[in-house]
Amino acid sequence: MTKPVIPVIQTVKEIRSLRKSIYNEGNKTVGFIPTMGFLHDGHLSLVKQSLKENDYTIVSIFVNPSQFAPTEDLTSYPRNLEKDLESLASCSFQQGDILRKVSAVFAPTVDQIYPSGIPLEVENQKGAFVSVLGVSEQLEGKSRPQFFRGVATVVSKLFNVVQPTKAYFGQKDVQQTIVIKRMVQDLLFDIEIEVLPTVRESTGLALSSRNSYLSEAVKQSCENIFKSLNLAKDLYTNEKEYNSEILINSIKNYLNEHLIKENEKFFYIDYISINDPINLDYIDESESKLINPELGAIVSLAIKVPNVDPNSVTDENKITYTRLIDNVILNSLN
């Protein structure tokens, strides 16, 4: 018995044709999950939610060049379309006589998404791009200036082509979800955005396609990232500590003691930050440094970690690194 095959669509013309056929069926909903592939259980949780809530589910797999700087890992970013299709084929939702599976995978070529071409150097790029000002410059945007311009551009193009009823994103990329929500609001997309909780490995490490770069020893060490965030969340929730400077220092001190102390040459904190959950203003740089407990906050961080156990490498110059991000949400319900 052959495995069910998910249609793989590579052109804008074909995906629009599929969408038109769904429209012709009447009042049918379409869920959409935009991804860069190399799917993990975090992606699949979004797919399963879409299958549960929509008549049709479309997943895109596209490694988007415009969100990579020239020095970043575009060429080495992990890819495995065949495995991705197998993972998606395993997802289903059944209720009574209704059985839903992934309807199609949109895996376009670069020229389909960027007809004018897409050099990695922003100054050499031509064509239309989307910038979501005010929520793109902080946090990841501060470290990666062109990143959210690339994200907003590709997601707007995908939304325009797929025209979903609802799109699904994970909380791990929390700033991305805020950027996308603002874009949808301001550009008048008729799309509902649903954000689902971060899916984690057994150690607590947030799932990411880039985790495939890491050795098991480093993954084990990185369990301290989520532990540090939970320490701050516990201070906020149980001890009613609303001073952002105290919360940030609790995270920093924990990481310095449990992750960085013995390997300070190899593990680097990029940022630890507490931000307004709507506009991403830095609460720690505000006048009072106090979190409004009714509004809550986002506690996020980024850490540069070695891909292999530093103790196993004799030449430090040969060590490569991965930048990990994570966050927890503080709100009145915590």
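Leu280 is buried, with a relative accessible area of 1%; buried means under 20% relative accessible area, exposed over 50% and partly exposed in between, with a 1.4 Å probe and protein chains only. The model is predicted, so local features need pLDDT of at least 70 and side-chain atom pairs count only at pLDDT 80 or more, while totals for chains, interfaces and linings use all residues. Residues are numbered from 1 along each chain as its sequence is written, and side-chain values use heavy atoms, with hydrogens and water left out.

Leu280 is found in the loop between strand S9 (268-275) and strand S10 (297-306); helices (H or I, at least four residues) and strands (E, at least two) are DSSP runs, numbered from the N terminus. Its phi is near 65°, a positive value in a residue other than glycine. Gln163 likewise has a positive phi, near 50°, and is placed in the loop between helix H6 (147-162) and strand S7 (166-170). Gln163 is partly exposed, at 36% relative accessible area.

Attention now turns to helix H7. The 13 residues of H7 should span 18 Å at 1.5 Å a residue, and its end C-alpha atoms are 19 Å apart, which agrees; the expected span is 1.5 Å times one less than the number of residues. Among the buried residues of H7 are Val174, Ile178, Met183 and Val184. The buried residues of this helix pack against helix H5 (140-143), H6, S7, strand S8 (192-196), S10 and S11, where contact means heavy atoms within 4.5 Å. Just after H7, Leu188 takes a positive phi of about 65°.

H7 also gives the most to the lining of the second largest pocket, with six residues. A pocket is an open set of points on a 1 Å grid over the protein atoms alone, where a 1.4 Å probe fits, with protein on both sides within 12 Å along at least five of seven lines; lining residues have an atom within 4 Å of a point. About 300 Å³ of space lies in this pocket, the volume being the space filled by probe spheres set on the points. Of its 14 lining residues, Ile178, Lys181, Pro277, Ile278 and Ile298 lie nearest its centre. Helix H7 (174-186) and strand S11 (321-330) each supply at least two residues of the lining.

Finally, the cysteines: a search of the whole structure finds zero disulfides, a disulfide being a pair of cysteine sulfur atoms within 2.5 Å. Cys91 is buried at 0% relative accessible area, and Cys222 counts as buried at 1%.
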